[in-house]
Amino acid sequence: MSAKITIPFFNYPRVYTDDRDAFLEIFDEVGKRGAFILQKDLSQFESTLAQYTGARYAMGVGNATDGLEFGWMSIGMRPGDEVIFSSHTMLATAAAIMTAGGVPIPVELGADNLIDPDAVEDAITPRTVGIMPTQLNGRTCDMDRIMAIAARRGLFVVEDAAQALGSKFKSKHAGTFGDASAISFFPAKVLGCLGDGGGFLTNDYAIADKAWQLHDHGRDMDGEVRSWGRNSRLDNLQAAFLLHRLKTYDQVVARRRAIASIYQVRLGDMPELQLPPAPDSDPDHFDVYQNYELQADRRDELKEHLRINGIGTLIQWGGKAVHQWERLGFQVRLPKTERFFARCIMLPMNVFLSDDEVHYVCDQVYSFYRG
Ligand SMILES: *Cc1c(COP(=O)(O)O)cnc(C)c1O
């Protein structure tokens, strides 16, 4: 290969440019109808999302962070209530607990890099009210274990499924196991819109009813004011874009899984790397590969080598687990998580990549370790 390829970690313009004609048509059609807030495109998207995930209720929200907060508010969180979460997650997970009035309690990740159920058990106190598993990188936790702990200890479960639309554990969709969940439609997410957006899922009518009020000024679905609320509605225009994109979402998932398979075949034998599980390597899991996050020896040097060769990589969450942001006041040490953060890196993983580009990334990883 002669010319130097430049492979950005994520190509934001292409979210728009790859499907520009369709987006322009939707914009024009929705705009001419003046259908900006709480219109039929949104309700259609909500029912399609419910159908797709198998959740009884789906509601568009301004972003996933708000949706997660509504989850905890809807179960009646009180000040001092503790919620256990994995520190390998976005700050938003912990922030949603905090802004709902609770206390976020970070715990370790397990062998699968998702929340460790044993660490959850150990962290339960008389003040614990809930568990907040993050369905990270497009993989769903072992929800049998999480739900068993929750049932035994009488805890609520709100899933952070921001990265996991379409991901399944034992054929059940991420976001449909617990009391509520939220999915993100941030542009770089598996299903992205052209701005901020989120989805709230629940199987419980009382929670759906409460969350609806929270996201629309305290009004219920009939417009009657029942409580204090705020405004965190998903824009109707974004919902129309998402409805369009959801139609071909299965192809997106298939492509991401195909890229993961290439990485597995090309890099799976390298002792310097610990790759995420390959597609179909475990019949209980169906992963959608929001990210391709691995652990690597000499991680920082690898990152620099890839950069010099035109490949963008990312270390998740700005390189720190939640509890490592000192100004937030966490007092814990989580050695496994901290070790992970000294080694983790994400390779490009998105539908804009060609096979040649994925192979080029593999070539460069290989040449870094083997010269
Ligand atoms: C993106 C993300 C969020 C936040 O989603 P927004 O829609 O941007 O609010 C929360 N948790 C995780 C794990 C995420 O990846």
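The backbone oxygen of Phe-70 lies 2.6 Å from a polar atom in the side chain of Ser-74, a polar contact being a pair of N or O atoms within 3.5 Å in which, within protein, one must be able to donate a hydrogen and the other to accept it, while residues adjacent in sequence count only if both atoms are side-chain atoms. The structure is a predicted model, in which local features need pLDDT of at least 70 and side-chain atom pairs count only at pLDDT 80 or more, whereas totals for chains, interfaces and linings use all residues. Residues are numbered from 1 along each chain as its sequence is written, and side-chain values use heavy atoms, with hydrogens and water left out.

Ser-74 belongs to helix H4, where helices (H or I, at least four residues) and strands (E, at least two) are DSSP runs numbered from the N terminus. Ser-74 counts as buried because its relative accessibility is 14%; buried means under 20% relative accessible area, exposed over 50%, and partly exposed in between, with a 1.4 Å probe and protein chains only. When neighbours within four places in sequence are left aside, Ser-74 is in contact with Ile-207, Lys-210, Ala-211 and Leu-214, contact meaning heavy atoms within 4.5 Å.

The structure holds 27 salt bridges, each defined as a side-chain nitrogen of Lys or Arg within 4 Å of a carboxyl oxygen of Asp or Glu. One of them joins the side chains of Arg-78 and Asp-81, at 3.9 Å from N to O; Arg-78 is exposed, at 55% relative accessibility, whereas Asp-81 is buried, at 9%. Another is formed by Asp-144 and Lys-170, whose closest N and O atoms are 2.5 Å apart. This pair links distant parts of the chain, with Asp-144 in helix H7 (residues 143-153) and Lys-170, 26 residues away, in the loop between strand S6 (168-169) and strand S7 (172-173). Asp-144 is partly exposed, with a relative accessible area of 39%, and Lys-170 is also partly exposed, at 44%. A salt bridge of 2.6 Å, N to O, is found between the side chains of Asp-209 and Arg-226. Here too the partners lie in distant parts of the chain, 17 residues apart, Asp-209 in helix H8 (residues 205-215) and Arg-226 in the loop between H8 and helix H9 (236-246). Asp-209 is buried, at 9% relative accessibility, while Arg-226, at 45%, is partly exposed.

The largest pocket has a volume of about 590 Å³. On a 1 Å grid over the protein atoms alone, a pocket is an open set of points where a 1.4 Å probe fits, with protein on both sides within 12 Å along at least five of seven lines, and lining residues have an atom within 4 Å of a point. Of the 33 residues that line the largest pocket, Met-90, Gln-163, Phe-186, Lys-189 and Trp-317 are the closest to its centre. Helix H4 gives the most to this lining, with three residues. By class, the lining of the largest pocket comprises 17 nonpolar, 12 polar and four charged residues, where Ala, Val, Leu, Ile, Met, Phe, Trp, Tyr, Cys and Pro count as nonpolar, Asp, Glu, Lys and Arg as charged, and the others, Gly among them, as polar.

The second largest pocket holds about 280 Å³ of space. Among the 19 residues that line the second largest pocket, the closest to its centre are Asp-112, Asn-113, Pro-276, Pro-277 and Glu-293.

Key: Points joined across faces, edges and corners; volume = space filled by probe spheres on them.
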